[in-house]
Amino acid sequence: MSGKKKPKTAPEERPYVSSKTPQVMKLISGDPPVNPVVIAGKSRIPKQLRGIEPLSKVMRRDAEAMLAPDEEEPTVSVDLTQAAIKENVTETLRRFNACSCEKCAAALSAMVSEDAPARFAEIPMSGADDPAGSVPELYEPIKREVLSKMIRILMGNKKRSFH
């Protein structure tokens, strides 16, 4: 072999090949993302929630439909917070070995009323005496909140008496 070098030729033109995966290239390309499952109609997401209507609005509408009063029976507005307080104050005082006289029950009720927000519900006139039975899905969370506030107040009062 002689010491002559081969003359340089122009490099071959090769197409640009990226090191990115096809999935990454789809993200970069800027095409709007389309979920093929939704297009095929096999999505578990209800049609109401596919970007057309927010979930909170759907839940609110369904709750209103369930709780819609009958047209024949008149309704009355009831403070569920006060009903929960009145129902549970003496039992809670007894449970914590506190004085359960009328003065202490009224004082504890007043303290809890100041701390807990009032929540009202429209219920049929026949269920006004027992709101817990008329709208248990609204009453139970309020009852839990009222009981926790009562317990905090009782635990903070070392005398277990409010008179």
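I take buried to mean under 20% relative accessible area, exposed to mean over 50%, and partly exposed to cover what lies in between, with a 1.4 Å probe and protein chains only. By that scale Thr81 is buried, since its relative accessible area is 2%.

**Ground rules.** I am working with a predicted model, in which local features need pLDDT of at least 70 and side-chain atom pairs count only at pLDDT 80 or more, while totals for chains, interfaces and linings use all residues. Residues are numbered from 1 along each chain as its sequence is written, and side-chain values use heavy atoms, with hydrogens and water left out.

**Overall layout.** I looked up the secondary structure, taken as DSSP runs numbered from the N terminus (helices are H or I of at least four residues, strands are E of at least two), and found 7 helices and 2 strands in the protein chain. Along the sequence these elements follow the pattern α-α-α-β-α-α-β-α-α. The protein chain has 163 residues, of which 23% count as buried. It exposes about 12900 Å², and carbon and sulfur atoms supply 57% of that area, the areas coming from the Shrake-Rupley method with a 1.4 Å probe, where for residues only the protein chains shown count as cover. I then turned to contacts (heavy atoms within 4.5 Å): among those between residues at least 6 apart in sequence, 76% join residues at least 24 apart.

**Thr81.** I placed Thr81 in helix α4. A polar atom of the Thr81 side chain lies 2.9 Å from the backbone oxygen of Pro117. Neighbours within four places in sequence aside, Thr81 is in contact with Ala116, Pro117, Ala118, Arg119, Ile142 and Val146.

For Leu93, with residues up to four places away in sequence not counted, I listed its contacts as Ala98, Cys99, Ser100, Cys104, Ala105, Leu108, Leu154 and Phe162.

**Ser109.** This residue lies in helix α5 and counts as buried because its relative accessibility is 17%. Beyond its neighbours within four places in sequence, Ser109 is in contact with Ile85 and Val89.

**Two loop residues.** Asn97 sits in the loop between α4 (80–95) and α5 (102–115), and I noted its positive phi of about 55 degrees although it is not a glycine. Asn97 counts as exposed because its relative accessibility is 69%. Asp130 is in the loop between β2 (120–124) and α6 (131–134), and at 43% relative accessibility Asp130 counts as partly exposed. Its C-alpha atom is separated by 9.9 Å from that of Glu87, 43 residues apart along the chain.

**Val24.** Finally I looked at helix α1 (residues 22–29), where Val24 is found. Val24 is partly exposed, since its relative accessible area is 33%.

Note on methods
A polar contact is a pair of N or O atoms within 3.5 Å; within protein, one must be able to donate a hydrogen and the other to accept it, and residues adjacent in sequence count only if both atoms are side-chain atoms.
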